[in-house]
Amino acid sequence: MILACLMMALATESVKSIDSVEVDEPLPHRLAPILDSLRGRPSVRDTVREWMTRAVDAQVSQGFLAASVTAVALDSGAVLDLRAAAGQRFAWGSVRDVDSTRMDSRVLSRLSGLKSGERADPARMEDARRRILSTGYVVEDAPPRPVREPRTALVDMVTHLRDIPSSSIQAAGAWAQGGVSSGYAEITLMDILGTARDLDFGLSQGEAGLHAHAAWKEPWIGPLDLQARLSGDLAQDTLARILEGALDLAWTSANGSTTMLVGLTTAVRSERAVGDSVMGIETDEWGTRLGVDWSSSPLPAWPTSLLSTSVLAEAVHVVSDTGGAQRLRLKTVLDAYHPLGPFVLRLGGNARGIWPLDATAGLSESQTPGGIRGWRGWQEGSPRTPAWAWGTLEARLGSSRSGGVAAFFEPGVRAVRREDMGWSPQSSWSAGGGAELIFPGWLVELAISMRNDTQDWTEALLQVRAVNRF
């Protein structure tokens, strides 16, 4: 273990100002400039200690992990005698674990952001640590420490990590009296074989018909610290048929809390007009998008203190037999959990809009905000609309170990098609309660809700979700 140390041995504590500083060290050009700044300052212990600490910290940040400054004496002539020493300059080697995680050294080094050969500044370990933990793949059993590689000038960051159940298989269903039942199944594979690669795919069946999607994340593109994300969606029912695809490049900040992306999108859409029995003409769509996501920590099963937000903007060009058009789409999400004594207060918001919102915006451009993880007054896949906004006010009581109960209120507004094929805003709300139970490897969620047009409690919407984490 290589340590940066500071020793202090002033012989006196005169209140005089320091007239001069004499530094005895092999290479004074490294430490002397900072220590020379003591000239003219009060000759008190705290002041001398502060500048000695700055000198040592400056050496450590340059990779001289063994550095010391000793105050030998302050004579009657206000001459401060210092002795300074700095060891060998070290550089970062790799990041490795104590064999408690399936991720190998190469993957950990890439996730950490520490570059092999850069100066070994221990202060950079905190950002590297946060970056690794922000993936949600592992938790930390002990803080990392720098360890020198034998017979080299390299220092490794040694971690004490433990894999957590981040992959999942989940299924959900919803029922309401007189309504159409709906449900979905989702499989998420995280950190496949310890490579930091992710795969997510799912299938849902509801009022909007059949919807399938898949997404793959490649953590790095060759030597570049850029992620590649490939995704595809397919939706089809009696009113519309949609096939979408996207390729995104994403960059994560130094501490892993912020991710920015830029991507290319494409889509093929067709829909059945009112009064027609067959699908209309197909439209081809090409576009670009920009997005940013920020989260204070990875999302746990039962959040107690969390703040996250995301913004995604997309500009597309639509081409069909009848001509071309341009469209802008924007989607934003905000979620905040704050503990209040035994309770947790959640405030959230979700909005999506397109411009221009006119008669050319059809069902094929609509999305569904409803579902157990969305606007809970509607079943999975409903309602379908091109623009909406809703807020969430929720009070929770429980713990991150066993789950708990919650009551929520969600006011919102959505765009509804008029007879002239235009759109009008329509306000609505949902309210209800539920419970989340956490077992070893399992999360079971139950929610029951009503909305403003529900006639009585016998028409309340019941939703159940079960998640197996592994």
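By class, 4 nonpolar, 4 polar and 1 charged residues make up the lining of the largest cavity, in what is a predicted model. The structure holds 1 cavity of 30 Å³ or more, and about 40 Å³ of space lies in the largest cavity. The points below continue with the lining of this cavity, then turn to a pocket, to strand pairing and to a helix pair.

**Cavity lining**

- The residues that line the largest cavity are A172, G173, A174, S182, G183, Y184, I372, E380 and Q463.
- Two elements, β8 (168–175) and β9 (182–189), each give two or more residues to the lining of the largest cavity.

**Second largest pocket**

- The volume of the second largest pocket is about 720 Å³, and of the 31 residues that line this pocket, E271, A359, T360, G362 and S364 are the closest to its centre.
- Strands β14, β15, β16 and β17 (323–340) are the elements that give two or more residues to the lining of the second largest pocket, with β17 supplying the largest share, 4 residues.
- Sorted by class, the lining of the second largest pocket has 11 nonpolar, 10 polar and 10 charged residues.

**Strand pairing**

- Strand β14 (residues 258–271) and strand β15 (residues 283–295) run antiparallel and are joined by 12 bridges; within this pairing, L261 has G291 in β15 as its bridge partner.
- Strand β15 is also joined to strand β16 (residues 306–320) by 12 bridges, and these two strands run antiparallel; here the bridge partner of W294 is T309 in β16.
- The strands β14, β15 and β16 that take part in these pairings are among the elements that give two or more residues to the lining of the second largest pocket.

**Helix packing**

- Helix α3 (residues 105–112) packs against helix α4 (residues 124–133) at an angle of about 110°, and the axes of the two helices lie 8 Å apart.
- Because angles of 65 to 115 degrees count as roughly perpendicular, α3 is described as roughly perpendicular to α4.
- On the α3 side the contact involves L108, L111 and S112, which meet A128, R131 and I132 in α4.
- By class, the contact of α3 with α4 has 4 nonpolar, 1 polar and 1 charged residues.

Methods:
Residues numbered from 1 in each chain as written. Predicted model: local features only at pLDDT ≥ 70, side-chain atom pairs only at ≥ 80, totals over all residues. Heavy atoms only, no water. Pairing = 2+ DSSP bridges. 1 Å grid on protein atoms, 1.4 Å probe; cavity = no way out; pocket = protein on both sides within 12 Å on 5 of 7 lines; lining within 4 Å. Points joined across faces, edges and corners; volume = space filled by probe spheres on them. Nonpolar A, V, L, I, M, F, W, Y, C, P; charged D, E, K, R; others polar. Axes fitted to C-alpha atoms, helices over the stretch in contact; angles between N-to-C directions. Parallel < 35°, antiparallel > 145°, perpendicular 65-115°, else oblique. Contact = heavy atoms within 4.5 Å.
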